[in-house]
Amino acid sequence: PANGQPIMNTLPPTHPPLAPPALAPSAARRAFTLIEVLVVISIIVILLAVSIPTIRALTKGNNEKQAVNLLTSMLTNSRSTAIATHKPTGIVVYEYPPPTSGASEATSYIQLITQSSIDSHLKFRYFTRVPRTDPQQLPLGIQVATLDAGTNQFRYQTNTSNGGTCRVILFDSNGQLALYSSIAPDPSLSSDPVAVAWNINLFTSPLATRGISSPGFLVYNESGFVASHNANSANDATWLRQNADIVLINAYTGSIIR
């Protein structure tokens, strides 16, 4: 420095670090007792028992919404195809492999179909797959019923009489709702197990009871339906009205009503 005085070290003296205070025996960490562990496990089990039904209900609701969205999308696609190709086109809902008697939660599929020919003698309209399309799977446990035109009857998977599994919605070449009777898979698909599973015609009499198309569909949870199902079809219809999501087709414009 200018005045010749030495610089004083102002840093505080260093001290060795203090050792942490020893814990008293009473403050030492102790393990959980068996009773405490059992109490916690019991609480977890109770919470799971309460929450699982709610989770299942939410999942079922989401599955139904996904099914409605998928069906709506494919209906829109089939209507566009009908207008573009000038051929009656629609969708068919079926189970594959076909369910056995009393089976529940069968896997359902949707296939785009288009008219291939008409049998002038038997008055049948034959349908085949729309080229370059694949079947789409519905969420597991979700089924679709269709409403017969002009009647108060529903067609669903467990009803196998008079074309009971015929679940078809069709649009004509103008994109309007087409209500056809006597529809069937194209004869060239007779060796196709998937087409056989369509079951859109059971060759019953009279012609009016053969495969027919529908003005709309109902999406429902199959396990709930099976639990309430009995020999009384009126009860089935009531359950479907109260528990199914309903989608209808406007007969004049072909638009989808949800």
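Buried means under 20% relative accessible area, exposed means over 50%, and partly exposed lies in between (1.4 Å probe, protein chains only). By that rule, buried residues make up 37% of the 258 residues in the protein chain. The model is predicted: local features need pLDDT of at least 70, side-chain atom pairs count only at pLDDT 80 or more, and totals for chains, interfaces and linings use all residues. Residues are numbered from 1 along each chain as its sequence is written, and side-chain values use heavy atoms, with hydrogens and water left out.

**View 1. The chain has four helices and 12 strands.** Helices (H or I, at least four residues) and strands (E, at least two) are DSSP runs, numbered from the N terminus. Contact means heavy atoms within 4.5 Å. Take the contacts in the protein chain with a separation of 6 or more: residues 24 or more positions apart account for 66% of them.

**View 2. The largest nonpolar core has 21 residues.** Such a core is a set of buried Ala, Val, Leu, Ile, Met, Phe, Trp, Tyr and Cys residues joined through side-chain atoms within 4.5 Å. L71, I91, F217 and V219 have the most contacts inside this core. Two or more residues each come from α1 (34-85), β1, β2, β5, β7, β10 and β11 (245-249). Helix α1 gives the largest share, six residues. L71 is in contact with I91, V93, I110, L138, V144, F217 and V219, leaving aside its neighbours within four places in sequence. In soluble globular proteins, nonpolar side chains tend to be buried together.

**View 3. Strands β5 and β10 pair in the antiparallel sense.** Strands pair if DSSP finds at least two bridges between them. Here there are five bridges, joining β5 to strand β10 (residues 216-221). I142 stands opposite N221 in β10. Strand β5 (residues 142-147) is mostly covered, with five of its six residues buried.

**View 4. Y94 and Y109 form a stacked aromatic pair.** Rings of Phe, Tyr and Trp (its six-membered ring) pair if their centres lie within 6.5 Å; planes under 30 degrees apart count as stacked, over 60 as edge-to-face and the rest as tilted. The whole structure holds five aromatic pairs. In this one, Y94 and Y109 are 5.9 Å apart centre to centre, with 25° between the planes. Y94 lies in strand β1 (residues 89-95) and Y109 in strand β2 (residues 108-119), so the pair ties together parts that are 15 residues apart in sequence. Y94 is buried, at a relative accessible area of 1%.

**View 5. Y220, F225 and W239 are linked into a cluster by ring pairs.** Y220 and F225 form a tilted pair. Their centres are 5.2 Å apart, with 55° between the planes. Both partners are covered: Y220 counts as buried at 2% relative accessibility, and F225 counts as buried at 1%.

**View 6. R167 forms a salt bridge with E95.** A salt bridge is a side-chain nitrogen of Lys or Arg within 4 Å of a carboxyl oxygen of Asp or Glu. The whole structure has two salt bridges. Between R167 and E95, the closest N and O atoms are 2.9 Å apart. The pair links distant parts of the chain, 72 residues apart: R167 is in the loop between β6 (154-155) and β7 (168-171), and E95 is in strand β1. Both R167 and E95 are buried.

**View 7. D192 forms a salt bridge with R129.** The closest N and O atoms are 2.8 Å apart. D192 lies in the loop between β9 (183-185) and α2 (193-198), and R129 in strand β3 (residues 124-129), so the pair ties together parts that are 63 residues apart in sequence. D192 counts as buried at 16% relative accessibility. R129 is partly exposed, at 23%.

**View 8. R125 lies over the face of Y180.** A charge sits over a ring if NZ of Lys or CZ of Arg is within 6 Å of the ring centre and within 35 degrees of the ring normal. R125 is 3.9 Å from the ring centre of Y180. Y180 lies in the loop between β8 (177-178) and β9. Y180 is buried, with a relative accessible area of 16%. Not counting residues up to four places away in sequence, Y180 touches P88, R125, L170, D172, G211, I212 and S213. Y180 and P88 are 92 residues apart in sequence and 10.0 Å apart in space, C-alpha to C-alpha.
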